[in-house]
Amino acid sequence: MITAIINCFAMPTPLTSRHVAVIGAGAAGLVAARELRREGHEVVIFERETQIGGTWVYDPRAEPDPMSLDKNRSIIHSSLYSSLRTNLPREVMGFRDYPFISIADKTRDSRRFPGHREVLFYLRDFAREFEIGEMVRFETEVVHVGLVEDSNKWKLRYRKKRSEVDAEAETGDGFDYDDEIYDAVLVCNGHYTEPRVADIPGISSWPGKQMHSHNYRVPEPFQDQVVVLIGGSASAVDISRDIASVAKEVHVASRSVANEKYEQQPGYDNIWLHSMIESVHEDGSLVFRNGRVVQADIILHCTGYKYHFPFLETNGIVTVEDNRVGPLYKHVFPPVLAPSLSFIGLAWKVVPFPMFEFQSKWIAGVLSGRIALPLQEEMMEDIEDFYRSLEASNFPKRYTHYMGDSQFDYNNWLAAQCGCEGFEEWKKQMYYATSKNRQVRPDTYRDEWEDDPLISEANQDFILKGF
Ligand code: FAD
């Protein structure tokens, strides 16, 4: 046990030091950079925004196209809404090497499920503690990543906005472009920015407004409106309640609800739960599968996001099909391009930060040569077996990176590869306790819970780790 902890936290002896590009300075890119550097690699993080934090940098602006379908739109990265509080308790959410502990300071949010700003502060603290900021090139967008011919290296093309003075003097698109060569590229660009939209019969002639939750910030614009919200995720639950505070009616349509279902949301006199939308019509009406008809002002699509790598050119080796990024060994390495190309954070329905950390340790160790990957054919076989198991369980392709219960075995598998301790048992129990509490108390789970003994265990663990 003690040896395992030492292996995990001690500085390993670097075997081969690589020149590595990390795309994105969100939680995944930050922890990746930390693990890569402590394995002895030379790291540059490319970040198109002006600060670290990715998703957790709240932007009160929304994109001009409320559905974000225009490919040439100027992108707002974050999908956070103003009222968002975490849906995981801070003990579960933080990195295993740097817990998300409450800070007794008036400027900080010490709640167990804090508001979004506190997560950003936590990531900033993490970056400061491990001096990650110095590795980041801000306002530098990666626009192309492709293999250098006859080599395993990658050419990365990036652009930086010219200063206003220079931009006036020059012609072109106002950006300066440059290329650099790297031994390896880690893709950490997030996957909550490119909306997925529900296909609704009749939608092209429906006269109402439409919007994707990517552009939802505050409820006020929905004052006195009749809103139909599609989706059943954590965001859909939060946003429906947020909007119900001002809207006339909120009708939630969910694919996971039985066809005949129609009921009022307990505790609310203006939220109704429905099965999916059957069709929409020119007169502004919407018909649900349960037979109910509603005249709505707006449809709000809380229908999730697509994996999107507009910069990545792999000659067809890595593809995105029905939201399956593949083929990827253990959701990270494309066998043919391993280990020089890898992806962090594709899995969903997981505890993200600790998983990013395990994936990062694994990638860092593989790149240095400390950890061996199976042969290319063996990795491909593993992927094919995995795809077959998904099919056998009737999981659609778009569920390839869904994990849920399997995340714990997955994390423990990664930990075993790295020779470090696996996912903490108390953390797993707390994750399940929170999921149950969320179902029992959807409105108050962030402020009322029954897992205090697990909190004590977590705090003991943090003390043991020196926090
Ligand atoms: P991101 O945080 O999205 O970071 C990606 C970064 O890459 C960004 O900074 C972006 O600017 C940059 N980038 C993208 N493309 C380029 C490019 N071409 N060149 C340069 N830079 C680029 N997780 C939790 O643990 N708890 C929660 O309560 C929780 N709530 C959530 C609520 C919402 C509404 C959403 C959308 C997500 C939530 N998550 C939550 C999941 C959250 O996304 C992860 O916690 C995590 O922040 C993802 O980190 P990331 O680094 O993978 O991606």
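Strands E15 and E16 (residues 293-295) run antiparallel and are joined by three bridges. They belong to a predicted model. The chain in this model has eleven helices and 22 strands. Its radius of gyration is 23 Å, close to the 23 Å that the globule rule gives for 467 residues, so the chain is as compact as a globular protein of that length.

- Ser285 stands opposite Gln295, a residue of E16.
- The hairpin of E15 and E16 has four residues between its strands. Gly291 in this hairpin takes a positive phi near 90 degrees.
- E15 also pairs with strand E14 (residues 277-280). This pairing is antiparallel too, and it has three bridges.
- Ile277 has Phe288 of E15 as its bridge partner.
- E14 and E15 form a hairpin as well, again with four residues between the strands. Its turn holds Gly284, whose phi is positive, at about 90 degrees.

**The open sheet**

- Four strands make an open sheet, in the order E6-E5-E4-E19, with mixed pairing.
- Strand E6 (175-182) and strand E19 (312-313) stand at the edges. Each has a single partner strand, so one side of each is left without a neighbour in the sheet.
- Strand E5 (residues 154-161) pairs with E6 in the antiparallel sense, over eight bridges.
- Within this pairing, Trp154 has Tyr182 of E6 as its bridge partner.
- Strands of a sheet pair through backbone hydrogen bonds, either parallel or antiparallel.

**A closer look at Tyr158**

- Tyr158 sits in strand E5.
- Is Tyr158 buried or exposed? Tyr158 has 23 other C-beta atoms within 10 Å, and the cut-off for a buried residue is 20 or more, so Tyr158 counts as buried.
- Leaving aside residues up to four places away in sequence, Tyr158 touches Phe46, Thr140, Glu141, Val142, Val143 and Asp178.
- Arg61 is 97 residues from Tyr158 in sequence. In space, the two are 25 Å apart, C-alpha to C-alpha.

**Around the ligand**

- How many residues surround the ligand? There are 32, and the closest are Gly24, Gly26, Ala28, Gly54 and Gly190.
- Three elements each supply at least two residues of this shell: helix H2 (27-38), strand E4 (140-147) and helix H7 (352-368).
- H2 gives the most, with three residues.
- By class, the shell has 15 nonpolar, 13 polar and four charged residues.

**The whole chain**

- The chain is divided into two parts, domain 1 and domain 2. Domain 1 takes in 19-52, 132-193 and 305-418. Domain 2 is 203-301.
- The centres of domain 1 and domain 2, taken over C-alpha atoms, are 35 Å apart.
- Along its principal axes, the C-alpha trace spans about 65 × 65 × 50 Å.
- Of the 467 residues, 39% count as buried.
- Take the contacts with a separation of 6 or more: 64% of them join residues 24 or more positions apart.

Conventions. Residues are numbered from 1 along each chain as its sequence is written. This is a predicted model: local features need pLDDT of at least 70, side-chain atom pairs count only at pLDDT 80 or more; totals for chains, interfaces and linings use all residues. Two strands pair if DSSP finds at least two bridges between them. A residue is near a molecule or strand if its C-beta atom, placed from the backbone, lies within 6 Å of it. Ala, Val, Leu, Ile, Met, Phe, Trp, Tyr, Cys and Pro count as nonpolar, Asp, Glu, Lys and Arg as charged, and the others, Gly among them, as polar. Domain bounds come from an automatic or database domain assignment. The radius of gyration is taken over C-alpha atoms; the globule rule is 2.2 Å times the number of residues to the power 0.38. A residue is buried if 20 or more other C-beta atoms lie within 10 Å of its own, exposed if 12 or fewer, and partly exposed in between; C-beta atoms are placed from the backbone. Two residues are in contact if their C-beta atoms, placed from the backbone, lie within 7 Å.
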